[in-house]
Amino acid sequence: MAIQEISATEAARRRDEFHAIDVRADFEFRGPLGRVAKAKLVPLPELESRAGELPRDRPLLLICRSGARSGKACEQLAALGVTSVVNLTGGMIAWNRANLPVEHEAPSTLAELLEHVARWVAQVTAQPPDAVRESLRGQLEAFGASAGGPTRATLARLLDSVESSFAEKGAPPDLEIALTSFRSWLAAL
C-alpha cells in the first residue's frame with residue numbers, strides 16, 4: 001500500500017478534516033518543535049497496542065519530527081486494517097518552516113530548559129541522554145555556573161556553544177527552530 005502524504009501547508013488548510021496523531025516521544029511532543037494544536041500523543045512504540053483508542057470518524061494525520069516515523073506509523077496502522085491515514089511530509093520540521101501555529105509547553109525553570117536542550121542534543125546526535133547531560137553540565141561549569149544550576153547567562157552561552165558546535169559538524173535540519181525556541185524560553189524565564 002502506498003502511503004498517502006500531505007504537505008504541512010495543505011494539512012494546516014485542511015486541519016479540521018483530520019485527527020492529528022503525534023507519534024514522537026513525550027519529550028519531543030513537549031519540546032522545541034512544539035506540536036500541532038489538539039494533537040494526541042501516541043508514541044510509535046505504543047501505536048500497535050493503542051490502535052483501538054484512535055478515532056475512526058475522520059482520517060488520521062500522522063505526525064513526527066521529520067515524516068519518517070509517521071510514515072512507519074501509517075504502514076503499521078494499514079497492516080492493522082486502519083486505512084484512512086495520511087503522513088505529514090517533513091513532520092514538525094516542515095510545519096515550523098511553513099510558519100504554521102504550534103502549541104508549546106515552555107519550561108518553568110532554567111533547569112527544565114537545560115533538560116530540553118540536553119534531550120534535543122541527545123536526539124539529534126544519537127548520543128545517550130546521560131552523556132549529553134554530563135557534557136552540557138561541564139560546559140556550564142566552564143562558563144561559570146555553580147553547582148546550584150545554570151544561570152541565564154551561562155545557558156545563553158551554552159546555546160551559543162551548541163550552535164557553534166553544530167556549525168562545525170553539520171547542523172541538524174531543526175537547529176534553527178530549536179535554538180529559536182530555546183532562546184525564546186530563556187528570555188521568558
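I take buried to mean under 20% relative accessible area, exposed over 50%, and partly exposed in between, with a 1.4 Å probe and protein chains only. By that rule I looked up Lys38 first. Lys38 is exposed, because its relative accessible area is 75%.

**Ground rules**

The model is predicted, so I keep to its limits: local features need pLDDT of at least 70, side-chain atom pairs count only at pLDDT 80 or more, and totals for chains, interfaces and linings use all residues. Residues are numbered from 1 along each chain as its sequence is written, and side-chain values use heavy atoms, with hydrogens and water left out.

Helices (H or I, at least four residues) and strands (E, at least two) are DSSP runs, numbered from the N terminus.

**Entry: positive phi**

I went back to Lys38. Lys38 sits in the loop between helix 2 (26–29) and strand 3. Its phi is near 65 degrees, a positive value in a residue other than glycine.

I then turned to Asn99. Asn99 is not a glycine, yet its phi is positive, at about 55 degrees. I found Asn99 in the loop between helix 5 (91–97) and helix 6. Asn99 counts as exposed because its relative accessibility is 70%.

**Entry: the sheet**

In what order do the strands of the open sheet lie? I read 1-5-4-2-3, five strands with parallel pairing. Two strands pair if DSSP finds at least two bridges between them. Strand 1 (5–6) and strand 3 are the edge strands, and each pairs on one side only.

I checked the pairs in turn. Strand 1 and strand 5 (residues 85–88) run parallel and are joined by two bridges. There, Glu5 stands opposite Asn87. Strand 2 and strand 4 (residues 60–63) also run parallel, with four bridges. His19 faces Leu60 of strand 4 as its opposite residue. Strand 2 and strand 3 (residues 40–41) run parallel with two bridges. Asp22 stands opposite Leu41 there.

Next I looked at the side chains of strand 2 (residues 19–22). His19 and Ile21 point one way, Ala20 and Asp22 the other. All of these are buried.

Helix 4 (residues 68–79) lies across strand 4 and strand 5, and runs at about 170 degrees to strand 5. Such angles run from 0 to 180 degrees between N-to-C directions; axes are lines fitted to C-alpha atoms, for helices over the stretch in contact.

**Entry: Pro43**

Pro43 is in the loop between strand 3 and helix 3 (44–50). Is Pro43 buried or exposed? Pro43 counts as buried, because its relative accessibility is 13%. I use contact for heavy atoms within 4.5 Å. Not counting residues up to four places away in sequence, Pro43 touches Asp22, Val23, Arg24 and Arg50. Pro43 and Arg69 are 26 residues apart in sequence, and their C-alpha atoms are 9.7 Å apart.

**Entry: the cores**

A nonpolar core is a set of buried Ala, Val, Leu, Ile, Met, Phe, Trp, Tyr and Cys residues joined through side-chain atoms within 4.5 Å. The largest has 22 residues, and Trp120, Leu136 and Phe182 touch the most other members. Helix 6 (110–125), helix 7 (129–142), helix 8 (152–169) and helix 9 (175–188) each give two or more residues to this core. Helix 6 gives the most, with seven.

I followed Phe182. Leaving aside neighbours within four places in sequence, Phe182 is in contact with Pro32, Leu113, His116, Val117, Trp120 and Leu159. A second, separate core has 19 residues, among them Phe29, Leu41, Met92 and Ile93.

**Entry: helix 8 on helix 9**

These two helices pack at an angle of about 175 degrees, with axes 10 Å apart. Helix 8 is therefore roughly antiparallel to helix 9, a label for angles over 145 degrees. Residues of helix 8 in the contact include Leu155, Leu159 and Phe166; those of helix 9 include Leu179, Phe182 and Leu186. The contact has 10 nonpolar, no polar and four charged residues.

**Entry: two residues of helix 7**

Val132 lies in helix 7. Val132 counts as buried because its relative accessibility is 3%. Its C-alpha is 6.0 Å from that of Ala118, 14 residues away in sequence. Glu141 is also in helix 7. Glu141 counts as exposed, at 55% relative accessibility.

How values were computed: Angles under 35 degrees count as roughly parallel, over 145 as roughly antiparallel, 65 to 115 as roughly perpendicular and the rest as oblique. Ala, Val, Leu, Ile, Met, Phe, Trp, Tyr, Cys and Pro count as nonpolar, Asp, Glu, Lys and Arg as charged, and the others, Gly among them, as polar.
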